[in-house]
Amino acid sequence: MVLPRWWRKRIPRYRLIGARCRSCGRIHYPPRNACPYCGSTELEEVQLPRTGVLESYTVVYSVPGDSRLHAPVLVGLVKLDNGVRLVAELTDASPEELKTGMRVEAAMRRIREDGDTGTIMYGIKFRPVLGKS
Ligand SMILES: [Zn+2]
């Protein structure tokens, strides 16, 4: 079995670390070996803000593999407070509770469980910030 790419990069995901390009200054997430905008490999790690705004979301009822146990899955496009956009799973909310423009924050949640080894993988999900909208 080949470990998925994101698993090898679990530390940056765990800590919500992005990469800033020293050439063009843009920040991307998750970190890649080369800047997706200009191709530069001069990158540095940056801590991303843990809060942002939910720009859009979708409800996924058909999920491949083990994750179907948790369907439906809510997937959101989150614009972090520094302007970086990322797609992440949403948690602690039902589809009815979500609305675009609401404040969300990063939370550590179980992403999936490997059926063969029982390994539980954690990662960043986003949840609504309670008390604000
Ligand atoms: Zn760049």
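Is Ile17 buried, exposed or partly exposed, and how many other C-beta atoms lie within 10 Å? Ile17 is partly exposed because 16 other C-beta atoms lie within 10 Å, a count between the limits of 12 for exposed and 20 for buried. The model is predicted. Ile17 belongs to strand 1, residues 17–21. Its C-alpha atom is 7.4 Å from that of Tyr29, twelve residues apart along the chain.

**Core**

The largest nonpolar core contains 13 residues, and Leu54, Tyr57, Val78, Ala88, Leu90, Val104 and Phe126 have the most contacts inside it. At least two core residues come from each of strand 4 (51–60), strand 5 (73–80), strand 6 (85–90), strand 7 (103–113) and strand 8 (120–128). Strand 5 gives the largest share, three residues.

**Strand 5**

In a regular strand, side chains alternate between the two faces of the sheet. Leaving aside residues up to four places away in sequence, Val78 touches Gly52, Leu54, Glu55, Arg85, Leu86, Ala88, Val104 and Phe126.

Strand 5 pairs with two strands as follows.

| Strand pair | Sense | Bridges |
|---|---|---|
| Strand 4 and strand 5 | antiparallel | eight bridges |
| Strand 5 and strand 6 | antiparallel | six bridges |

Val78 in strand 5 stands opposite Leu54, and Gly76 has Ala88 in strand 6 as its bridge partner. Strands 5 and 6 form a hairpin with four residues between them. In that turn, Gly83 has a positive phi of about 95°.

How values were computed: Residues are numbered from 1 along each chain as its sequence is written. This is a predicted model: local features need pLDDT of at least 70, side-chain atom pairs count only at pLDDT 80 or more; totals for chains, interfaces and linings use all residues. A nonpolar core is a set of buried Ala, Val, Leu, Ile, Met, Phe, Trp, Tyr and Cys residues joined through C-beta atoms within 7 Å. Two residues are in contact if their C-beta atoms, placed from the backbone, lie within 7 Å. Two strands pair if DSSP finds at least two bridges between them.
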